[in-house]
Every structure is written in C-alpha cells, then in structure tokens.
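Hello,

Here is the structure I promised to pass on to you. Have a look at it first, and then read my notes below.

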Amino acid sequence: MHPKSFRLIRLTLTAIATFFVYVNAAVAGPPLICHAFDIGNAKSLPWISHDWNLSGVENYDTHHLANDTLAILNSSQVPLVHMETLRRATLYARKDPVAAKQLLLQLVARAKSSEASPTPDAFALFDAVYLTEAYKQWLGEKGENPANNLDGFSWLKHAMQLRPSDPQMAFAAALITLHGPESEHREYTRIATADAKNDQLLKRNLATHFLGAQSQTMAEMILKNDSNRSETKVARQ
C-alpha cells in the first residue's frame, strides 16, 4: 500500500479515537457524584473546593457526618439541597468507613420508620435511596461499602408517589434511573423538564454542563432518547 494511504488511515483512526475520547469524557463519571449541584445560598455540609471533588485540604471532622447531614436534611424541603448535601456526604464518607456506615444506617432506619407511619415523609424515603445509590456509585462493590445488597428503588417510587409534581425530586429520580427502569426514567424526566420553567433553581441546574463546557448538559443527560430531545429547550429558555 502507498505510504500516503497508510498515513491517511492512521490520521483517520486517530481522529476516530479522539472523537470517542471526547464522547466518553462528556458522560464520564458517576452522575450522582461528579457534578456539584447549584443550591444557591442554602446551607449544606462544609465545602471549600472549587471543583466537584474534595480539594484534599479539608479539615471537616467526619465523626460529625451523620448528625450534621441529618440536621441539614431535616431543615430543608428543597430536593436539590438534599442531593448536594448527600453528594458531599458521600465524598466525605469515602474517607471514613465508620462514618459512612453510621450515616447510611440512620437514613435507612429513618426511611423504614417513615414507611411504617400513617403519614410517611417523602424526604425520608428519598434521602435513603439517594445515599444508597450515591454510595454504590462512589464506594464501589467492595466489602466496606455498607450500601451493598441494599435496593432502595421501592423507596424512590414511594417518595415520587407522595410528591408526584415535584420537578426537583423527579430530576433526582431521573438521574438515579439513567440505566433503568426505562419507563420510570422517562416519566421522571418528563416531570423534571416540563415543570422546570416554574422552578428557577432547577432550570439553572438543568442548563449546567456535567463535566466542563464540552460535556452534555444535565438536561441532555436525562433526555437520553432522541424522541424526547426537544424538551431540552425548557432548560435553555
């Protein structure tokens, strides 16, 4: 084969490889962890990093992780505040297995108590499943992950039944169900995107990019089916 043909093939393959690197980078990383949510001026766990991850110079005492996290969750009725607080808690929990287990046990106990109540609390159920899924995405499948063997999907469904018109909670549910069940994911996505126009905080979050300007927006991430793609305009208006 002519040397120029080899060179053309090599350049073509390089271009294709580069394309896939960018495509993969656009969606890389656990969705509940690798993106910091905008919560405005709301209170959450201490955070000094300018990135999604810990900076490495935090001096937060993780012995207080369970109590501090629960205090914030109990004082807020804003799902995005719960999402960001549990995201930060998961990052801190990775450094302290004892604190990780303590926090999860308390949220699971809170969820089970709420389920048994005649007036269940959607946030108690939501928090337990969100932390469970965050742990699975960030702490891995090793033995020290206390979320192993926990399936909180029934809590998610129950929470959404209690707050069927909450677009922020639906946004969280859409992220949790990115890999299925598909029918539930589509319904959660529909609620989140359709009602974002009336929720400025959610609207801002849907318009943010997952990891850098070259990555997809959060709206594009949950609207993973082309048939629903037109709904992304809600987040861009």
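Asn 149 sits in the loop that links helix 5 (122–138) to helix 6 (153–162). Its backbone also deserves a glance: phi of Asn 149 is near 75°, which is a positive value in a residue that is not glycine. Please keep in mind throughout that this is a predicted model.

Now for the overall picture. The chain contains eleven helices and zero strands, and along the sequence this reads as α-α-α-α-α-α-α-α-α-α-α. The chain has 237 residues, and 49% of them are buried. If you take the contacts with a separation of 6 or more, 69% of them are between residues 24 or more positions apart.

The peptide bond that runs from Gly 180 to Pro 181 is cis, with omega near 0°. You will find Pro 181 in the loop between helix 7 (167–176) and helix 8 (182–194).

Helix 8 is also where Arg 190 lies. With a relative accessibility of 40%, Arg 190 falls between the cut-offs of 20% and 50% and therefore counts as partly exposed. Its side chain makes a polar contact of 2.7 Å with the side chain of Glu 187.

Another pair to look at involves Lys 224, in the loop between helix 10 (218–222) and helix 11 (233–236). Along the chain, Lys 224 and Arg 186 are 38 residues apart, and their C-alpha atoms are separated by 9.2 Å. Lys 224 is partly exposed, because its relative accessible area is 31%.

Ser 49 belongs to the loop between helix 1 (3–27) and helix 2 (65–74). Is Ser 49 buried or exposed? Its relative accessibility is 13%, which is under 20%, so Ser 49 counts as buried. The side chain of Ser 49 reaches the backbone oxygen of Asn 53 at 2.7 Å. Apart from neighbours within four places in sequence, Ser 49 is in contact with Leu 54, Ser 55 and Glu 58.

The largest pocket holds about 200 Å³ of space. It is lined by 14 residues, and those closest to its centre are His 35, Ala 36, His 50, Asp 51 and Trp 52. By type, the lining of the largest pocket is made up of seven nonpolar, four polar and three charged residues.

When you open the model, you could begin with the cis bond from Gly 180 to Pro 181, go on to the polar contact between Arg 190 and Glu 187, and then visit the largest pocket with its 14 lining residues.

Happy viewing, and best wishes

Key:
Residues numbered from 1 in each chain as written. Predicted model: local features only at pLDDT ≥ 70, side-chain atom pairs only at ≥ 80, totals over all residues. Heavy atoms only, no water. Helix = DSSP H or I, 4+ residues; strand = E, 2+ residues; numbered from the N terminus. 1 Å grid on protein atoms, 1.4 Å probe; cavity = no way out; pocket = protein on both sides within 12 Å on 5 of 7 lines; lining within 4 Å. Points joined across faces, edges and corners; volume = space filled by probe spheres on them. Nonpolar A, V, L, I, M, F, W, Y, C, P; charged D, E, K, R; others polar. Buried < 20%, exposed > 50% of the residue type's maximum accessible area, 1.4 Å probe, protein only. Contact = heavy atoms within 4.5 Å. Polar contact = N/O pair within 3.5 Å; in protein donor to acceptor, adjacent residues only side chain to side chain.
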